[in-house]
Amino acid sequence: MIFFPILTIGQTAGSSTYHALLFSESPRSIVLNNPMGIIDDDVNLGVYNPSLLNNKMHRSLSLNYVNYFSNINIASASFSFPIKNFGTAVLSTKSLNYGKFIRTDFSGQELGYFNANEQVLIFGIGKKVFSKFNFGTSIKLFLSNLENFSSFGVVSDLSINYFNQNKNLGISFLGRNIGRQISYYHEKSERMPFELIMGFSKKLAHLPLTFSINYNNLEKWDFLNGYNIMNENENLTNLNNNFWKTFFSHISSSAELKISKVLDLRCGYNSRIRYELTSPELLGMVGFSWGLGLNFSKFKINYGRSTFHLAGSPNYFSLQINI
């Protein structure tokens, strides 16, 4: 709490590099908009928020794959394990392949092809310090290769989680991507995609339903002003509408319903995606996500689909095994 105000100075959305650090490749996480208070055996939740790492995740292996837009493919693998007297740790690696690009000169003459890819290596650890409080931190090494430009950086996440088991209530505060570039693309250091997130998850007492609400990007109020340019002639009504639109653009929500021991159904809504990426002529289901989970005795299979734009909806797949 002492250092966060210093770290947030000058941080703005849309003017940073390494945006792959913001990407979630887990089907459950993407559908539920990265829930901040769910404590269970899903190691992917601990990769995103290290304060959610707990002993239920011990020796869990998760393999994720995303069939993203165009010919972009993303794959990751995560494994959690106990460290005596320190808590629960996770080791995760993620690879993003952006495919093949046509190389041209200034006149558009084709000169061949080039590739672009990025890799992330994550080590995180979470520990219960008090009966209802967990603390977590992670270190992420980021390597980016874009044509003949490359960059290497180191960032860290810090988080705290409050979990009341009697009320099935979890609340988290997370600071992501605190760090810097070690080597630059071209002689200039760029900002990291820093963000502050606060959220909670609550499981109902008499229904197997867990809902989650996040308030994202605490570090900046109006990151939509590039999309909502106000002029001097706007009246008070428009000003109020702009306030609420900006407020709700920070909010994401989700719900998970356990139909049985075998089947979970999930859905989510992201206001910012809805505001930024819908077409006025056809709103569609942009901003909404859905998925399901199949739970077997030896492994779990998860599928998710998130509608970012009318141009298409990526498919997310994962296999989780407790070894």
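**Figure 1. Asp264 in strand β11 of the predicted model.** Asp264 belongs to strand β11, which runs over residues 263–270, in a model that is predicted. With a relative accessible area of 3%, Asp264 is buried, because a residue counts as buried when this value is under 20%. If neighbours within four places in sequence are set aside, the contacts of Asp264 are with Glu256, Leu257 and Lys258, and also with Gly291, Leu292, Gly293 and Asn295.

Figure 2. Strand β1 covers residues 60–67, and Ser60 lies in it. Ser60 is buried, with a relative accessible area of 1%. Leaving out neighbours within four places in sequence, Ser60 is in contact with Asp41 and Val43, with Ser78, Phe79 and Ser80, and with Gln320, Ile321 and Asn322.

**Figure 3. Phe299 in strand β13.** The strand shown here, β13, is made up of residues 299–306 and contains Phe299. Phe299 has a relative accessibility of 32% and counts as partly exposed, because this class takes in the values between the buried limit of 20% and the exposed limit of 50%. Apart from neighbours within four places in sequence, Phe299 is in contact with Leu294, Leu319, Gln320 and Ile321. Asn117, by comparison, is 182 residues from Phe299 in sequence, and the C-alpha atoms of Phe299 and Asn117 are 30 Å apart in space.

**Figure 4. An aromatic cluster that includes Phe248.** Tyr215, Trp221, Phe243, Trp244, Phe247 and Phe248 are linked into a cluster by ring pairs. The count of aromatic pairs comes to 22, and one of them joins Phe243 and Trp244 in an edge-to-face arrangement, with 5.1 Å from centre to centre and 80° between the planes. Both residues count as partly exposed, Phe243 at 40% relative accessibility and Trp244 at 46%. Phe248, another member of the cluster, is found in helix α4, which spans residues 236–248, and Phe248 counts as partly exposed at 38% relative accessibility. When residues up to four places away in sequence are not counted, Phe248 touches Ser271 and Tyr275. Phe248 and Asn216 are 32 residues apart along the chain, and their C-alpha atoms are separated by 9.9 Å.

Figure 5. Most residues other than glycine have a negative phi. Tyr18 has a positive phi near 60° and is found in the loop between α1 (4–7) and α2 (27–31). Glu187, likewise not a glycine, has a positive phi of about 60°, and its place is the loop between β7 (169–183) and β8 (195–203). Is each of these residues buried or exposed? Tyr18 is buried, with a relative accessible area of 2%, whereas Glu187 counts as exposed at 72% relative accessibility.

**Figure 6. The whole protein, as a setting for the close-up views.** The protein contains five helices and 14 strands, and its C-alpha atoms fill a box of roughly 65 × 50 × 40 Å along the principal axes. A compact globule of 323 residues would have a radius of gyration near 20 Å, and the 20 Å of the protein agrees with this. Of the 323 residues, 43% count as buried, and the protein exposes about 17100 Å², of which carbon and sulfur atoms supply 62%. Among contacts with a separation of 6 or more, 53% are accounted for by residues 24 or more positions apart. The protein has 28 positive and 20 negative side chains, and the centres of these two sets lie 14 Å apart.

Note on methods
Residues are numbered from 1 along each chain as its sequence is written. This is a predicted model: local features need pLDDT of at least 70, side-chain atom pairs count only at pLDDT 80 or more; totals for chains, interfaces and linings use all residues. Side-chain values use heavy atoms; hydrogens and water are left out. Helices (H or I, at least four residues) and strands (E, at least two) are DSSP runs, numbered from the N terminus. The radius of gyration is taken over C-alpha atoms; the globule rule is 2.2 Å times the number of residues to the power 0.38. Buried means under 20% relative accessible area, exposed over 50%, partly exposed in between (1.4 Å probe, protein chains only). Contact means heavy atoms within 4.5 Å. Accessible areas come from the Shrake-Rupley method with a 1.4 Å probe; for residues, only the protein chains shown count as cover. Lys and Arg count as positive and Asp and Glu as negative; His and the chain ends are not counted. The place of a charge is taken as NZ of Lys, CZ of Arg, CG of Asp or CD of Glu. Rings of Phe, Tyr and Trp (its six-membered ring) pair if their centres lie within 6.5 Å; planes under 30 degrees apart count as stacked, over 60 as edge-to-face and the rest as tilted.
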